[in-house]
Structure formats: C-alpha cells, structure tokens
Amino acid sequence: MEHIVIIGGGGTGAALAHDLVLRGFEVSLFERGELLSGATGRHHGLLHSGGRYAVDDPEAARECIRENNILRRIAPEAIEQNDGLFVALNDSDMDYRPAFLEKCGQSDIPTEELTAAQALAIEPALHPDLKAAVRLPDATLDAWRLPLYFYATAKANGARIHNFSQAIGFQKSNCTITGVRIFDHQTEREYDVSGDLFVNAAGAWAGKICALADIPLPIQPGPGVMVAVEPRLTDMVINRLHQAGEGDIIVPQRELSVLGTTLWLAEDPDRIESPSDHVQKIIDLCAQMVPAVKEKAIRSVWSASRPLIEQKQAKEPQLISRTFDCYDHKQRDNLEGLVSIIGGKATTLRAMAEKAADLICRKIGRNITCKTTTEKLFHYRHFYK
Ligand SMILES: Cc1cc2nc3c(=O)[nH]c(=O)nc-3n(C[C@H](O)[C@H](O)[C@H](O)COP(=O)(O)OP(=O)(O)OC[C@H]3O[C@@H](n4cnc5c(N)ncnc54)[C@H](O)[C@@H]3O)c2cc1C
C-alpha cells in the first residue's frame, strides 16, 4: 500500500493520520515540536455549534454543526456536554437576533430562545441587565485530549508518529516531490524520508512548508490572544449575540474561564506575541457579558495563530471565512506529490482530514470510503501505551 507522509502534528494531522490508516495506507507523521504545540493545543476549546458563523459564514456554520454532532458520538469523553448561550446586552444585539435565529435554522443549528430571567436562572454570573439569550449546542472540548484520541487510534492502527522532527527540505525529481528531509531535534541528526505522497498539514506554517518546495500557498496566519481567569464563572459557553468580533467568547475549562479573543493578520507565525492592550481589551469586553471577569485573578495569557485561507477582498480580518480547503499542487503549481490542507477550526479537524484523504485517494486512483464518521476513537491514554 502507498506510503503517505504528513507534515504537521496538530489536530488536522492527527485526524488525517487516523483517516488514512483506516483506509489502509501506510502513514508517517512528522511534527517539529511536541504534538499539538501549534494552534490546536492552545485554542479556547470551544466545540462550535456554528452559531458564531451562521450569519456571515454559512459554509463554516454548516461544517461546524455537522462535526459537532459527529465528535460528540465518536469522542464523547473529550467533550463536556454543557451547551452555550449567546447573550444580548443592548438594542443592537436584539436587532441582530432575528437574522441570527433565521440563519441558524437554515444551517440546521438548533436554537432555543430564553428570556433574561431564564438565562440568569441557568447562569447567575451573567450581566443582570442582559436583554435575552439564545441557547444552542456549543460545548467545551479539551483542546489537547480530543486530537490525542485521534493520535491514539491512528497509532494503534499502525501510523508512525514522530515528534520533534522538523521538515526542512524536499527532494524533487521531474517536477515531483519524492522525499522530505527531516531534522530530528532530539538527536540533532538529519535524514530523508521517501513516500508516495506528501501532505502539508502545518497549519499557520503551511506557507513555510510550500516555500521549502518553492511554491506559494494562499494562507494568512491570523493570531489571537486568550486570557484564562480563575475560577470557572459559568458552566455554559458564553458568546455575545452580535456579529463575530473580539472579546466575545467565554469558555469554561475545568476550574478556569478562558476569555477570548482578538484577531490580527501576521506574516510569520513564529513571531507572535500577546500584546498587553489585547489582554485588557478582552477582559473589558468579556466583563460586559460576565462582570465578575474583571475582579478575578489572571491565571495565564497566551496566543496562537489561525491558519486562515487568504481572502484579499475581506474588509476586515473577522470577515475572513473559517472554512477550509485542500490544494493539489500538481494542478496549482505543476508540482506532483504534494497536497496542502489549510483553514478550518479545531471543531472541523475530522472533516478536513476526510477532504484531504478523499483527494489523496483520487490522486492515487483508489476508491476507498471514509470510515471516520462512525469509527469510535480509542481513549487518549492509549497513545502512551
Ligand atoms: C486564538 C484562537 C482561538 C481559537 N479557538 C478555537 C476554538 O475555540 N474552537 C475551534 O474549533 N477552533 C479554534 N481555533 C482554531 C483552531 O485552533 C485551528 O483552526 C486548528 O487548531 C488548526 O489546526 P492545524 O492542525 O491545522 O494547525 P496546528 O495545530 O497549528 O498544527 C500545525 C503543526 O505543524 C507543525 N509544523 C510547523 N512547521 C513544521 C515543520 N517544518 N515540520 C514539521 N511540523 C511543522 C507546528 O509545530 C504545528 O504543531 C482558534 C484559533 C486561535 C488562533
């Protein structure tokens, strides 16, 4: 069977390794740092219902609700089944509500309208003057354990997973990628790995991987800052009921509340900081939804970079779609043997892998059905066995 080499050990790489071994391929994955040390291990941990994207980004909304349902089925223990509230705090939020409800309906996202009193009865920490809320199936996911379920299953099924192993170059012959050069950070040695097809799943670094092969990729790293305060202030995920913006999400993670986020566009995902004015902005905005946020101790501040698909026509970064796409570089750049998968959310990791694996099967000339919508995943602890 063909050998597929994946570059990038985030959630997308995890789900792709799982999908490809289930389809019978030989799979090797290389991650330059610890597994999940990119955006996947460092995001909010919101299993999106799609509500956040329903009005402006319906394709991403439909992807989220579909995957939300699938992940609850195949990895139930990585998800806290807590639901989410979108809260309206002023007249402008209330004006947004009819379109929000209509568009959620069109994307098959179930909603339940709540009065302010009903919302406060469920979540007493909400601002007492809130006007109304909408309940939908957002949830808290464990940003690290969920993809580790995929790694555990992929490894048990034969995938070879290499961490601290960085792709530093490609071998080419007749406009075809035939091998990748790996630097092993633990032994400080370099070696070459050959394969039948190479997949660039390096998230915000995917442009750098393509640069190693001297080809462009339409990717735009989109960093954001997150702030964790202690303790857990709500049990449900809280979103502001308005057009997706900054500082409008609070995700309860165990005994913490993770507040986020901001978004700016960067050239280099290796040079991302957490500007202090972003921290204050996030706290001020989230305190409009849950006032106690302002009084609580900050436990940590960090940032991560989204692998956004470049959209030059988007008027502001928040309007760049969160959908994903897969590129066959034979078609785009006349370079055989390399495929890139970019964009998406941690919520859509499985769907991204399915799309990439379908493309790989088409390229190789095999018709093998995806099995990952139903295959129950091994517990994440199996990864260490
Ligand atoms: C602030 C913020 C908040 C977010 N919140 C959420 C949320 O609540 N819910 C949600 O669903 N999504 C969220 N996301 C989006 C989500 O985090 C990303 O879409 C997803 O994690 C991307 O996964 P990935 O595997 O494609 O990329 P990554 O997780 O970044 O993985 C790419 C990997 O490639 C590795 N790599 C890079 N170069 C090389 C190389 N040369 N050789 C080998 N490996 C290499 C990197 O080290 C990295 O581990 C958020 C993103 C941000 C930035």
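Predicted model: local features only at pLDDT ≥ 70, side-chain atom pairs only at ≥ 80, totals over all residues.
The pairing of S3 with strand S8 (residues 139–141) is antiparallel and runs over 2 bridges. Within it, leucine 46 stands opposite threonine 140 in S8. A polar backbone atom of leucine 46 is 2.8 Å from a nitrogen atom of the ligand.

Now let us look at the ligand itself. Which residues come nearest to the ligand? Of the 36 residues around it, they are Thr12, Glu31, Thr40, Leu46 and Thr347. The backbone takes part elsewhere too: a polar backbone atom of alanine 39 is 2.9 Å from an oxygen atom of the ligand, and at glycine 344 a polar backbone atom is 3.3 Å from a ligand oxygen. How much of the ligand's accessible area does the protein cover? On its own the ligand has 1,000 Å² of accessible area, and the protein covers 97% of it.

Where does this shell come from? Helix H1 (11–22) supplies at least two of its residues, and so does each of strand S10 (165–173), strand S14 (219–230) and strand S18 (297–309). S18 gives the most, with 4 residues. Seen by class, the shell is made up of 19 polar, 13 nonpolar and 4 charged residues. It also draws on two domains: at least three residues come from domain 1 (3–40 + 145–218 + 322–384), and at least three from domain 2 (82–139 + 221–308).

S10, one of the strands that supply the shell, takes us to another sheet. Here 3 strands form an open sheet in the order S10-S11-S12, and the pairing is antiparallel. S10 and strand S12 (189–194) stand at its edges with a single partner strand each, so one side of each is left without a neighbour in the sheet. From one strand to the next, the twist averages 25°.

You can trace this sheet strand by strand. S10 and S11 are antiparallel and pair over 8 bridges, and phenylalanine 170 has valine 180 in S11 as its bridge partner. Valine 180 also has a bridge partner in S12, namely valine 193. Strand S11 (residues 176–184) and S12 run antiparallel, joined by 6 bridges. Further along, phenylalanine 183 is partnered with glutamate 190 in S12.

The turns between these strands deserve a look as well. Most residues other than glycine have a negative phi, and most peptide bonds are trans. In the hairpin of S10 and S11, with 2 residues between the strands, asparagine 174 has a positive phi near 50°. The hairpin of S11 and S12 has 4 residues between its strands, and glutamate 188 in that turn takes a positive phi of about 60°. Phenylalanine 164 is another residue with a positive phi, near 50°; you will find phenylalanine 164 in the loop between strand S9 (160–162) and S10.

Finally, which residues does a cis peptide bond join, with omega about 5°? They are glutamate 230 and proline 231, and proline 231 is found in the loop between S14 and strand S15 (237–240). A cis peptide bond also joins glycine 260 and threonine 261, with omega about -15°. Threonine 261 lies in the loop between strand S17 (256–260) and helix H7 (276–289).

Methods. Residues numbered from 1 in each chain as written. Heavy atoms only, no water. Near = heavy atom within 4 Å. Polar contact = N/O pair within 3.5 Å; in protein donor to acceptor, adjacent residues only side chain to side chain. Areas by Shrake-Rupley, 256 points an atom, 1.4 Å probe, with all protein chains shown as cover. Nonpolar A, V, L, I, M, F, W, Y, C, P; charged D, E, K, R; others polar. Domains from an automatic or database assignment. Pairing = 2+ DSSP bridges. Axes fitted to C-alpha atoms, helices over the stretch in contact; angles between N-to-C directions.
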